[in-house]
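Me: I am new to this structure. Please show it to me and help me read it one feature at a time.

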Amino acid sequence: MQISSHIGSQLVDLCSALLLLTCFAIVAQRRLSACVDLFALQSAFLVLTAALVAFLTGNHHIYIAAGLTCLIKVIIIPRVLKKVIERLNVKRELVMNVNVPAGLLICGGLVMLAFFITQPILPLGFLLTRDSLAIAFAIVLIGFFTMIARQKAVSQLVGFLVMENGLFLGATAATYGMPLIVELGVFFDVLIAVLIAGIYTNRLQDAFDSVDTSHLTGLKE
Amino acid sequence: MAMIEVVVLLIAPLLAGGLSLIIHRSALLHAINLTSMSLLVASEIMITRTVLTDGPFTTLGQLVYLDALSAFILFIIGAVGLACSLYMRSYMDEQVARGVIAPGRLNMFFFLFHMFLLAMVIATVANSVGVQWVAIEATTLTTTFLIAFWRRRQSLEAGWKYLILCSVGISLALFGVVLTYYSSLHVLGDVSEALNVSQLLPVADRLNPHVLKLAFIFILVGYGTKVGLVPMHSWLPDAYTEAPAPVAAMLAGVLEIVAVYAILRMRMIVDHAVSPAFTGGLLTLLGFASFVTAAFFILIQRNYKRLFAYSSIEHMGIAMIGFGVGGPLGTFGGLLHLLNHAFAKSMAFFAAGNIHRRFHTVEIGQVHGLAIAQPWTAMALMIAGLALSALPPFASFVSEMQIVSALSAEGFPGQRLTNSSGMVTLALSDQFSRLGLTGLFLLCAVLAFSGLLYRITGMVWGTPPEGIVRGETWTLGHLPIIVLAAALVGFSFFLPQSLRQLLEQATQILLLH
């Protein structure tokens with residue numbers, strides 16, 4: 001029993017660490033579609049972590065949340081984002097306010113900050129997922145940083161989604177999942193938010209297009 | 001208890017929203033809207049009665065929790081919502097007639113409007129802090145398209161900024177909710193009710209103070225973004241300028257207040273476990289940051305919608321100072337100030353909508369002679385402006401006086417706890433800081449007052465520019481302006497019995513430690 005719980009805790013830690021690693025990859029990645037792929041990968045790790053926690057603790061409602069994550073964050077949202085990118089026809093490299101090495105360095109600092117802030121409250125947590133709360137907080141901070149550091153609408157959206165992943169990991173790790181009604185609501189909100197943002201980027205594009213065409217006819221007459 | 005009223009409260013906007021999707025006739029859409037709003041107000045009045053006689057209660061299987069505070073917020077939602085609905089009757093029809101909004105999109109506007117209302121009602125009555133979070137995020141999602149309803153480039157930009165900033169802010173609040181759950185699990189066990197206010201309040205003193213402190217900071221920053229507190233306010237002036245007038249009135253008059261309510265709810269729980277000086281200090285700090293920043297920005301505004309937007313930030317800051325300083329006076333003043341601000345600001349945006357329709361500009365410098373061109377609107381603008389600068393015949397003078405006297409009596413929250421080195425220096429520094437803070441408060445109030453009135457008088461007097469139609473025909477949209485103006489003056493002399501009781505009980509709830 002002792003050994004199996006020890007291994008379980010190690011496995012959960014490993015999965016959470018993989019989530020954090022993909023965060024760094026997203027910060028280092030310049031191509032937008034690759035960022036979306038990395039986000040899908042991160043969500044897959046999140047599903048793995050949640051399923052692992054569900055299996056080890058026997059809390060079956062976490063399986064539901066894991067299933068929904070798989071459906072929404074691994075399949076639907078990346079597809080929507082890919083469509084948006086295709087339509088926007090973004091071929092250029094991403095515009096970044098901070099260059100990659102500096103960004104990575106800052107993210108390293110953010111991880112230390114996260115561990116420092118959560119230190120006093122960690123001993124309260126369950127043994128199995130104790131370190132994951134700090135990692136989740138780090139992921140939230142890195143997502144936040146990504147939103148500030150990038151200028152394109154879609155990459156800001158990816159930053160937002162990374163934050164959401166961190167929050168979900170936090171909820172799973174710290175409390176073995178939120179009450180089901182809250183969790184369903186959160187999924188619903190995230191999905192709608194991404195759809196709205198998708199429509200929005202299209203409209204932004206349309207607004208610019210229509211401005212251009214009216215300008216052209218004006219010159220002819 | 002009062003189950004039917006609560007069901008009506010939730011079903012009316014839902015049904016109205018659903019109907020709006022399939023109906024396309026403008027008259028019918030307005031009729032549905034007004035019916036649903038009236039039902040909402042009626043059930044709100046019934047709920048207030050129940051709360052006043054029987055105290056807080058839960059219903060619908062623990063999903064709904066209602067007390068005097070939430071009944072008070074519902075009252076604001078109902079009153080401002082009804083005023084907006086009446087105003088929309090003439091405003092939206094004219095927008096359609098002028099071709100600003102395609103007739104086919106009118107039902108979409110009403111659908112989003114009803115969903116927005118529904119989300120705010122849920123955020124107010126929800127028992128679970130988690131459900132409240134979901135509802136507040138839903139308000140962001142429903143209003144982004146309302147803000148960008150004109151689909152101009154600027155409005156799309158404002159809508160995008162709003163969506164991104166508020167979603168991120170709200171995500172931080174979710175982390176706060178997770179942390180609250182984290183602390184309550186140890187006391188209440190792994191039950192789905194562990195986030196319910198009705199369950200948390202009785203055991204709140206046993207929750208872990210470290211976790212709750214962290215949770216409160218996250219929730220304050222998160223919902224503070226929705227309130228528009230400095231430094232999380234940068235989306236607000238853009239969104240208020242680009243949104244159609246009724247939407248801006250709803251954002252300024254209701255949504256901000258629902259977000260304040262969410263912060264106060266959380267504070268009630270945290271204050272049981274941590275000294276109230278902690279939450280009070282944070283609220284006062286953010287309140288002063290918002291008040292001071294907004295007072296200076298009011299001075300330099302050249303766009304009247306932005307002027308009102310910054311005035312919103314200012315007044316939310318004042319209310320926050322009231323809640324932060326606390327005590328019966330500060331808390332009562334803060335609540336009354338929320339009500340006054342909701343009424344005055346929605347009125348200001350109604351007037352702004354009328355001006356924009358006539359002058360087709362948002363530049364203050366291009367609007368003159370409003371008293372000749374639109375006498376009713378000019379009067380509304382003057383009354384709203386005077387109320388927003390908190391001059392004596394208006395109720396906002398009363399609430400601001402209460403807040404500033406609470407501030408001068410209590411000083412910055414928690415000072416007595418942090419300064420424990422020697423009694424004499426303590427008394428001295430305490431005196432000085434109280435004096436300084438009160439002075440700062442009054443200085444900013446004067447700045448905001450002069451800035452606001454200078455701009456408004458410039459718009460009202462003078463002769464209208466060439467080509468502007470003179471005279472104003474009476475429409476249904478003028479009714480809410482008159483009623484709101486009467487309420488703003490009336491409340492300073494005489495608060496209706498039930499409203500006073502509601503405010504007093506809400507104050508008691510917030511003070512109960």
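Reply: Start with one residue and what surrounds it. Thr172(A) touches Thr49(A), Ala50(A), Val53(A), Ile62(A) and Gly177(A), leaving aside residues up to four places away in sequence. Contact here requires C-beta atoms, placed from the backbone, within 7 Å. Residues are numbered from 1 along each chain as its sequence is written, while chains are lettered from A and ligands numbered from 1 in the order in which they are written. This is a predicted model, in which local features need pLDDT of at least 70, side-chain atom pairs count only at pLDDT 80 or more, and totals for chains, interfaces and linings use all residues.

Me: Is Thr172(A) buried or exposed?

Reply: The general idea is to count neighbours: with C-beta atoms placed from the backbone, 20 or more others within 10 Å make a residue buried, 12 or fewer make it exposed, and a count in between makes it partly exposed. Thr172(A) has 31 other C-beta atoms within 10 Å, so it is buried. Thr172(A) sits in helix α6 of chain A, residues 153–175.

Me: Which elements make up chain A?

Reply: Helices and strands are DSSP runs numbered from the N terminus, with at least four residues of H or I for a helix and at least two of E for a strand. Chain A has 7 helices and 0 strands. Of its 221 residues, 45% are buried.

Me: Where does Val140(A) lie, and what does it touch?

Reply: Val140(A) belongs to helix α5 of chain A, residues 132–149. Val140(A) counts as buried because it has 26 C-beta neighbours inside 10 Å. Beyond four places in sequence, Val140(A) touches Met163(A), Gly166(A) and Leu167(A), and also Phe175(B) in the other chain. Its C-alpha is 7.3 Å from that of Glu164(A), 24 residues away along the chain.

Me: How many residues of chain B are in contact with chain A?

Reply: On the chain B side there are 32 residues, in contact with 34 residues of chain A. The elements of chain B that give two or more residues to this side are α5 (129–147), α6 (153–188) and α8 (209–227). The most come from α6(B), with 16 residues. Val178(B), for one, touches Leu167(A), Gly170(A), Ala171(A), Ala174(A), Thr175(A) and Met178(A), residues up to four places away in sequence not being counted.

Me: How is the length of α6(B) checked?

Reply: The expected span is 1.5 Å times one less than the number of residues. With 36 residues, α6(B) reaches 51 Å from its first C-alpha to its last, close to the expected 52 Å. In α6(B), 29 of the 36 residues are buried, so the helix is mostly covered. Just after α6(B), Gly189(B) takes a positive phi of about 85°.

Me: Which residues have the most contacts inside the largest nonpolar core?

Reply: They are Ile139(A), Ile76(B), Val178(B) and Met347(B), in a core of 274 residues. Such a core joins buried Ala, Val, Leu, Ile, Met, Phe, Trp, Tyr and Cys residues through C-beta atoms within 7 Å. Helix α10 of chain B, residues 245–273, gives the most to this core, with 22 residues.

Me: What is the overall form of chain B?

Reply: A compact globule of 513 residues would have a radius of gyration near 24 Å, and the 22 Å of chain B agrees. That radius is taken over C-alpha atoms, and the rule is 2.2 Å times the number of residues to the power 0.38. The C-alpha trace of chain B spans about 70 × 55 × 45 Å along its principal axes. Chain B contains 20 helices and 2 strands, and 61% of its residues are buried.

Note on methods. Two residues are in contact if their C-beta atoms, placed from the backbone, lie within 7 Å.
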